[in-house]
Amino acid sequence: NSLIHTKEKPMETEIDDVIQELWSNDIKITIKRVAEELNTTFYLVRWYFSDDKLEVIRDLNKKMRDEKLISKAVELIDILTDNGNKLKMRKLKQLSSIRDYALLKEAVSRYQSDV
């Protein structure tokens, strides 16, 4: 004979705080990860995520992924241009797994603004 313990639904502000914390720490935001941070179940957190909220989270995760790729590309550009060599986009594409030309272009512009 044991009592079945039910977990309380987390408050929206708690969920928003966890999302903000994950975002600031560059950790991918998922419902499962939010539930783990709140020490509750996936299903108690899932009710909060409407389609609009999920779209915002997808955008945040995409921005995080793009920033990581850009910083990786900037490091590769630094290596490629280390001895005064000219940067060749073809070589940069070969060394990196980045296929989005816009991200590579952004990395080049950031590198040039830092130099």
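This is a predicted model: local features need pLDDT of at least 70, side-chain atom pairs count only at pLDDT 80 or more; totals for chains, interfaces and linings use all residues.
Local features need pLDDT of at least 70 and side-chain atom pairs count only at pLDDT 80 or more, while totals for chains, interfaces and linings use all residues. Residues are numbered from 1 along each chain as its sequence is written, and side-chain values use heavy atoms, with hydrogens and water left out.

**Cores.** A nonpolar core is a set of buried Ala, Val, Leu, Ile, Met, Phe, Trp, Tyr and Cys residues joined through side-chain atoms within 4.5 Å. Buried means under 20% relative accessible area, exposed over 50%, and partly exposed in between (1.4 Å probe, protein chains only). The largest nonpolar core has 15 residues, of which Ile 15, Ile 19, Ile 29, Val 34, Val 45 and Phe 49 touch the most other members. At least two residues of this core come from each of α1 (12-24), α2 (31-38) and α4 (51-80). Helices here are DSSP runs (H or I, at least four residues), numbered from the N terminus. Another core, of 14 residues, lies apart from it and includes Leu 76, Leu 92, Ile 98 and Leu 103.

**Helix α2.** Ile 31, Val 34 and Ala 35 are the buried residues of α2. They sit on the same side of α2, because they cover an arc of only 100° around the axis, taken from the directions from the helix axis to the C-beta atoms. The face turned away from this buried side carries the exposed residues Lys 32 and Glu 36. Among the elements covering the buried residues of α2 are α1, α3 (42-46) and α4.

**Thr 81.** Thr 81 lies in the loop between α4 and α5 (89-95) and is buried, with a relative accessible area of 16%. The side chains of Thr 81 and Tyr 111 are joined by a polar contact of 2.9 Å. A polar contact is a pair of N or O atoms within 3.5 Å; within protein, one must be able to donate a hydrogen and the other to accept it, and residues adjacent in sequence count only if both atoms are side-chain atoms.

**Salt bridges.** The whole structure has 6 salt bridges, each a side-chain nitrogen of Lys or Arg within 4 Å of a carboxyl oxygen of Asp or Glu.

| Pair | Distance |
|---|---|
| Lys 53 and Asp 16 | 3.5 Å |
| Lys 62 and Asp 66 | 3.0 Å |
| Arg 110 and Glu 67 | 2.9 Å |

Arg 110 lies in helix α6 (residues 101-114) and Glu 67 in helix α4, so this pair ties together parts 43 residues apart in sequence.

Conventions. Contact means heavy atoms within 4.5 Å.
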